[in-house]
Amino acid sequence: LRAAPTQLTGVVITALGETREKSTLGTAQQQLGSEELNQTRALNVMEQISGKVSGLQVTGSGTPGGSTRIVIRGANSIAGDNTPLWVVDGTPIAKTARGGSANGGYDFGSVTNDLNPDDIESITVLKGPNAGALYGSRAANSVIVVTTKRGRDTNGRARVDVNTYYSWESPSRLPNYQNQYGQGAGGDFAYVDGAGGSGTDGL
């Protein structure tokens, strides 16, 4: 066996859709291909990249279709938004949750839940504000650049790809509910005489 020095090169997609060699970049980035992304299945594309990108932390809501929180390299702000900017084919997309809030309510997820992992060609994670500086202040918490698949030459042959993903969920234990007593009105729980002696009179 002879030792031969070799150099690994690769072309990656950086900010604003530019393609450059990975060895020439001065910032941290990591790219996932379609095969690596879809090797394991999850509820959405955000949970599918969990464990595949270094420094990326994914926290799910625990409900099907709910929003998923992604933080890259830890939180940078106490009161601000610490989630990265999503850019799909050069267009930044909203990442705010639909319906859910800190005060409760239904959580219908975010726009990123609508991304089909099978339609994604590659995902490039630009880590840190320096890597995504071209996207402005919104890229202060890193950028996730998504490139979708495009049409290719099939030599005159028709090709159809069919993918199916399904899951079953059932609770192993349900709490015991009481449906006999109400919560009262205004903190009063006793019915006195019907003449306005308590807050529940006349209800």
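On a 1 Å grid laid over the protein atoms alone, a pocket is an open set of points where a 1.4 Å probe fits, with protein on both sides within 12 Å along at least five of seven lines. Grid points are joined across faces, edges and corners, and a volume is the space filled by probe spheres set on the points. By this method, the largest pocket holds about 460 Å³ of space. The structure is a predicted model, in which local features need pLDDT of at least 70 and side-chain atom pairs count only at pLDDT 80 or more, while totals for chains, interfaces and linings use all residues. Residues are numbered from 1 along each chain as its sequence is written, and side-chain values use heavy atoms, with hydrogens and water left out.

The lining of the largest pocket, meaning residues with an atom within 4 Å of a point, comprises 13 residues. Those nearest the centre of the pocket are D118, K149, R152, R159 and D161. By class, the lining contains 8 charged residues, 5 polar residues and no nonpolar ones. In this classification Asp, Glu, Lys and Arg are charged; Ala, Val, Leu, Ile, Met, Phe, Trp, Tyr, Cys and Pro are nonpolar; and the others, Gly among them, are polar.

The overall fold can be considered next. The chain has 2 helices and 9 strands; these are DSSP runs numbered from the N terminus, with helices (H or I) of at least four residues and strands (E) of at least two. From the N terminus on, their order is β-β-β-α-α-β-β-β-β-β-β. Of the 203 residues, 30% count as buried, where buried means under 20% relative accessible area, exposed over 50%, and partly exposed in between, with a 1.4 Å probe and protein chains only. A contact requires heavy atoms within 4.5 Å. Among contacts between residues at least 6 apart in sequence, 48% join residues at least 24 apart.

A nonpolar core is a set of buried Ala, Val, Leu, Ile, Met, Phe, Trp, Tyr and Cys residues joined through side-chain atoms within 4.5 Å. The largest such core has 17 residues, of which V45, I49, I70, W86, I123, I144 and V146 touch the most other members. At least two residues of this core come from each of helix 2 (45-48), strand 5 (68-72), strand 6 (85-88), strand 8 and strand 9. Strand 8 supplies the largest share, 3 residues. A second, separate core of 8 residues includes L126, Y135, V143 and V145.

S142 is found in the loop between strand 8 (120-126) and strand 9 (143-148). Its relative accessible area is 2%, and S142 is therefore buried. Leaving out residues up to four places away in sequence, S142 touches I72, P84, L85, L126, K127 and G128. The side chain of S142 also reaches the backbone nitrogen of G128 at 2.8 Å.

Most residues other than glycine have a negative phi. R73, in the loop between strand 5 and strand 6, has a positive phi near 60 degrees. D89 also has a positive phi, of about 50 degrees, although it is not a glycine. D89 lies in the loop between strand 6 and strand 7 (91-93), and D89 counts as partly exposed because its relative accessibility is 38%.

Terms used. Polar contact = N/O pair within 3.5 Å; in protein donor to acceptor, adjacent residues only side chain to side chain.
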